[in-house]
Amino acid sequence: MSQPAFAAIILAAGSGTRMKSAIPKVMHPVADRPMIAHLMHALEPLRPAATVVVIGPGMETVARLVKPAASVIQDPPHGTGDAVRIGLDRLASRLAPKGDVEDVLVLFGDTPLLTTRTLSMLLDERRCTDAAIIAAAMRPKEPGAYGRLVLGRDGKLERIVEAADATPEELAINLVNGGIMALAARHAGALVTALDRNNAKSEFYLTDIVPVARRRDLDCRVLELPEHELAGINTRADLAAAEALMQNRLRRDAMAAGATLIAPETVFLSTDTRLGRDVVIESNVVFGPGVAIGDGARIRSFSHIEGATVGVGAIVGPFARLRPGAVLEDEVHVGNFVEVKEARLGVGAKANHLSYIGDASVGAGVNIGAGTITCNYDGVNKWRTIIGERAFIGSNTALVAPVEIGAGAIVAAGSVVTRNVPADALTVARGQQVDKPDRATLIRARLGSKN
Ligand code: UD1
Ligand code: MG
């Protein structure tokens, strides 16, 4: 039997004042992915029949990001209840009894830690009980600014009191509103249109649909869900706390998938970081977006890697920097203080010390000596350097691009290479060495040195 359909409304129109930011709150990244994208990702496997994101004016970036989900503008933002009403209007044609949607999941764009499993539990509870409202509950150590859940003797939800409106007794309640709710689609519209603004913030509080429902003899319940998933981000400090939780989750997942993290608390992963089996990540490594590390590779301490692909058995670092477009094929070694950008290093190539390799193609088995620089930028344009397989580039060489070093060539240390080098040639492109016997002694005497 197919599951009944549900719709999701994601609230993201709030101005996020407490973030003190020029960008919308829900666009702030957690583990390199905007918070709202985490939520969309968690929602996806549940296949909502429709998703509407409620945004504020000037939030085109959010509208673009959430596509193909629809977005609707709430202007001005009159509160969470008002936002849900606007979202429901957009969904109107699909709501039961005429439409196909039975439940409406109300989510907040500022809760990026929610998992698919938890969303599905909330939805299941709504379907099993057929309650008009299921509110997500949690018991944090510090209930702080969260709304307090007031339960009746029967354990059912009577009302939700916002912290700003609560009496000292109500503030002492430690069961709080996680914010997200599952609503019966057939009642949702009537509940939100009955809301008023008689509260501390003069807003339409979504939370006030609970007493409205009770007056209509509708069932309202809570479902306790994991606190760490419901954490709502309102401030930069909340953002940092969510980042820490997300990092722990990513580290745990990476280890469960077969990577060794020697000091996991010092490794920072991106949501999309892919680590193969038997990869070893030493301490203090940072991964930006778009990184894949092949099986058995070792990433040594203090390396910074983003937009890069690392092959099987490669060794990177310590103190290496791989920038976007770096592709290291299998068994490549990139050592300390080496920066690679937009460059492919073929199987077994080595650049072990103090180099910049940018806009380059480096063949298999090439050895790049310490201090080699690809001079890829002439101040206006970027140019490519091509190094054929097995070539040997001596230390402290400047390869002035565009330039091509033939396969098997040897470039002498200290060279400044400005022309193409033929395959298997020896190229020396540096000043001649001149030795003048005893001249040092004469100079010292002239200068009056006593040595
Ligand atoms: C809300 C709940 C509170 C709960 C907490 C959990 C209400 C009235 N309060 O408070 O009980 O404990 O979440 O995190 O619901 N938004 C709009 N339009 C608006 C106002 C807000 O779209 O007019 C969006 C925001 O962008 C945000 C979400 O709704 O994504 C929640 O708003 P926020 O201001 O963060 O509510 P809280 O004060 O955290
Ligand atoms: Mg919030």
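This is a predicted model: local features need pLDDT of at least 70, side-chain atom pairs count only at pLDDT 80 or more; totals for chains, interfaces and linings use all residues.
Local features here need pLDDT of at least 70, side-chain atom pairs count only at pLDDT 80 or more, and totals for chains, interfaces and linings use all residues. Residues are numbered from 1 along each chain as its sequence is written, chains are lettered from A and ligands numbered from 1 in the order in which they are written, and side-chain values use heavy atoms, with hydrogens and water left out.

Reader: How many residues surround ligand 1?
Author: A residue is counted as near a molecule if one of its heavy atoms lies within 4 Å of it. The closest to ligand 1 are A13, Q74, G79, E162 and N177, and the number of residues that surround ligand 1 is 25.

Reader: Which residue has a backbone N or O atom 2.7 Å from an oxygen atom of ligand 1?
Author: A polar contact is a pair of N or O atoms within 3.5 Å; within protein, one must be able to donate a hydrogen and the other to accept it, and residues adjacent in sequence count only if both atoms are side-chain atoms. The backbone atom at 2.7 Å belongs to G79.

Reader: Which residues are the protein donors of the magnesium ion, ligand 2?
Author: Donors are N, O and S atoms within 2.8 Å of the metal (3.2 Å for Na, K and Ca), and sites may look incomplete, as water is not among the atoms. The donor atoms, OD of D110 and OD1 of N234, lie 2.5 Å from the ion. D110 is in the loop between β6 (101–108) and α4 (116–129) and N234 in the loop between α8 (227–230) and α9 (236–256), 124 residues apart, where helices (H or I, at least four residues) and strands (E, at least two) are DSSP runs numbered from the N terminus. The donors are therefore D110 and N234.

Reader: Is D110 buried or exposed?
Author: Buried means under 20% relative accessible area, exposed over 50%, and partly exposed in between, with a 1.4 Å probe and protein chains only. The relative accessible area of D110 is 10%, so D110 is buried.

Reader: How far apart are the closest N and O atoms of D359 and K341?
Author: D359 lies in strand β24 (residues 350–362) and K341 in strand β23 (residues 333–345), so the pair ties together parts that are 18 residues apart in sequence. D359 counts as buried at 9% relative accessibility, and K341 counts as buried at 12%. In their salt bridge, the closest N and O atoms are apart by 3.0 Å.

Reader: In which helix do D89 and R85 lie?
Author: The side chains of D89 and R85 meet in a salt bridge of 3.5 Å, N to O. The residues are four apart, about one turn of the helix, and both lie in α3.

How values were computed
A salt bridge is a side-chain nitrogen of Lys or Arg within 4 Å of a carboxyl oxygen of Asp or Glu.
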